[in-house]
Amino acid sequence: MYGPQGNGGGSARRPAQRSTKVTVPEIRSRKGVSPIAMVTAYDFTMARLLDEGGADLLLVGDSLGMVVQGHTTTLPVTVEEICYHGRAVARGARRAHVVGDMPFMSFQLSPMHALENAGRMMKEGSFESIKLEGGEEIAEHVRRIVAAGIPVMGHLGLTPQSVHAMGGFKVQGKGDEAAERLIADARVLDEAGAYAIVLEAIPPDLAQEVTAAVSVPTIGIGAGAGCDGQVLVCYDLLGMFRELTPKFAKRFAEVGDQIVEATRAYVDEVQSRTFPAAEHSFKPNGPRRAATVPAAPAKPEFAPADEIPPHWQTH
Ligand SMILES: Nc1nc(=O)c2c([nH]1)NC[C@@H]1CN(c3ccc(C(=O)N[C@@H](CCC(=O)O)C(=O)O)cc3)CN21
Ligand SMILES: CC(C)C(=O)C(=O)O
Ligand SMILES: [Mg+2]
């Protein structure tokens with residue numbers, strides 16, 4: 001175990017950090033008080049670092065289909081996969097609240113289907129709440145899940161599970177009609193009992209309107225500074241994901257460059273035999289009597305051609 005104190009016993013470099021969990025009531029109470037910082041995480045090591053950095057919520061996003069698995073959309077991700085990553089993240093999150101993203105087709109079928117999978121995610125994924133994409137069409141789903149004691153985060157605007165319906169990862173809520181629909185959806189989610197709502201890739205003035213129209217915090221990604229919080233994909237924030245660069249993905253570091261440089265240095269040292277040095281090696285065994293070590297029999301470097309099985313002989 002890692003001890004009861006969040007800072008691992010008072011290293012001088014690390015500020016004192018509370019180890020008590022961020023809770024759903026606390027998140028709700030921060031609307032209009034202090035901005036909420038959410039970031040995605042997919043494994044233990046990253047969760048530990050993001051938690052130490054003070055992230056309030058860690059989202060095990062279905063974006064893992066893209067940044068972890070290398071798919072071009074989030075659609076292939078399964079409940080099992082989200083749960084596997086959720087257990088790893090939960091072990092690393094001392095203070096941060098851990099949210100599980102309900103993957104494509106794990107909740108759409110019916111409110112009971114949504115409840116069943118939400119329950120599975122709480123049991124098998126160690127999550128403290130779940131998130132699902134959609135508005136009015138999933139209001140009953142949200143009510144059912146909330147009624148079972150599972151906190152629900154909503155997600156409106158650019159909902160990546162609808163990428164093919166949207167014709168790509170495109171800004172949403174443009175024009176009066178789309179804006180009115182989005183505000184109405186947000187109100188419905190609020191009334192259905194969602195404790196927060198992600199607003200993705202919408203005009204900042206619309207996000208501000210939505211934020212004013214609901215009683216719960218809005219968490220923006222590409223939705224301007226007027227939201228009650230922000231969320232970013234961890235690999236975007238760290239500058240590690242270069243395949244896709246949404247306008248809103250600010251890089252707070254260039255860890256990707258550092259990884260490439262570190263790998264180059266490692267490869268060079270392996271090739272020049274400067275790594276491993278003595279300090280990376282164990283104590284030598286010392287000399288042994290020659291008689292105890294039989295000399296290896298002389299072997300040809302390659303098997304003669306007539307010893308190579310016919311199906312391996314290419315010429
Ligand atoms: N690494 C990563 N970061 C994300 O933010 C993210 C994922 N993956 N995967 C799941 C979804 C997909 N997302 C995306 C992907 C691309 C754009 C994008 O390129 N948007 C254009 C606007 C296009 C338009 O409206 O015409 C942009 O310039 O930002 C936006 C969101 C957000 N999510
Ligand atoms: C970007 C966030 C909101 C998300 O849904 C994800 O990472 O899957
Ligand atoms: Mg998602």
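## Chatting about helices and how they pack

Visitor: Hi! Among contacts between residues at least 6 apart in sequence, what share join residues at least 24 apart?
Guide: Hello! In this protein that share is 59%. Keep in mind that this is a predicted model.

Visitor: Okay, and how many helices and strands are there?
Guide: The protein has 11 helices and 8 strands.

Visitor: How much of the protein counts as buried?
Guide: Of its 315 residues, 38% do.

Visitor: Then what are the angle and distance for α2 and α4?
Guide: Helix α2, residues 44–52, packs on helix α4, residues 79–92, at an angle of about 40 degrees. Their axes are 7 Å apart. That angle makes α2 oblique to α4.

Visitor: Is that crossing left-handed or right-handed?
Guide: α2 passes α4 in a right-handed crossing.

Visitor: Which residues make the contact?
Guide: From α2 you have F44, T45, A47, R48 and D51, and from α4 there are A88, V89, R91 and G92.

Visitor: Now α5 and α6. At what angle do they cross?
Guide: Helix α5 (residues 111–124) and helix α6 (residues 139–147) cross at roughly 45 degrees, and their axes come within 8 Å. So α5 is oblique to α6. The crossing of α5 past α6 is right-handed.

Visitor: And which residues meet there?
Guide: P111, M112, A114, L115 and A118 of α5 meet E140, H141, R144 and I145 of α6. This contact of α5 with α6 has 6 nonpolar residues, 1 polar and 2 charged.

Visitor: Which of its residues are buried in α8?
Guide: Those are L182, D185, A186, V188, L189, D190 and A192.

Visitor: What do the buried residues of α8 pack against?
Guide: They pack against helices α6 and α9 (204–213), along with β5 (152–157) and β6 (196–200).

Visitor: Last one! Which residue just after α8 takes a positive phi?
Guide: That's G193, with a phi of about 110 degrees.

Notes:
Residues are numbered from 1 along each chain as its sequence is written. Chains are lettered from A and ligands numbered from 1 in the order in which they are written. This is a predicted model: local features need pLDDT of at least 70, side-chain atom pairs count only at pLDDT 80 or more; totals for chains, interfaces and linings use all residues. Axes are lines fitted to C-alpha atoms, for helices over the stretch in contact, and angles run from 0 to 180 degrees between N-to-C directions. Helices (H or I, at least four residues) and strands (E, at least two) are DSSP runs, numbered from the N terminus. Angles under 35 degrees count as roughly parallel, over 145 as roughly antiparallel, 65 to 115 as roughly perpendicular and the rest as oblique. A crossing is left-handed if the near helix is turned anticlockwise from the far one by less than a right angle, and right-handed if clockwise. Two residues are in contact if their C-beta atoms, placed from the backbone, lie within 7 Å. Ala, Val, Leu, Ile, Met, Phe, Trp, Tyr, Cys and Pro count as nonpolar, Asp, Glu, Lys and Arg as charged, and the others, Gly among them, as polar. A residue is buried if 20 or more other C-beta atoms lie within 10 Å of its own, exposed if 12 or fewer, and partly exposed in between; C-beta atoms are placed from the backbone.
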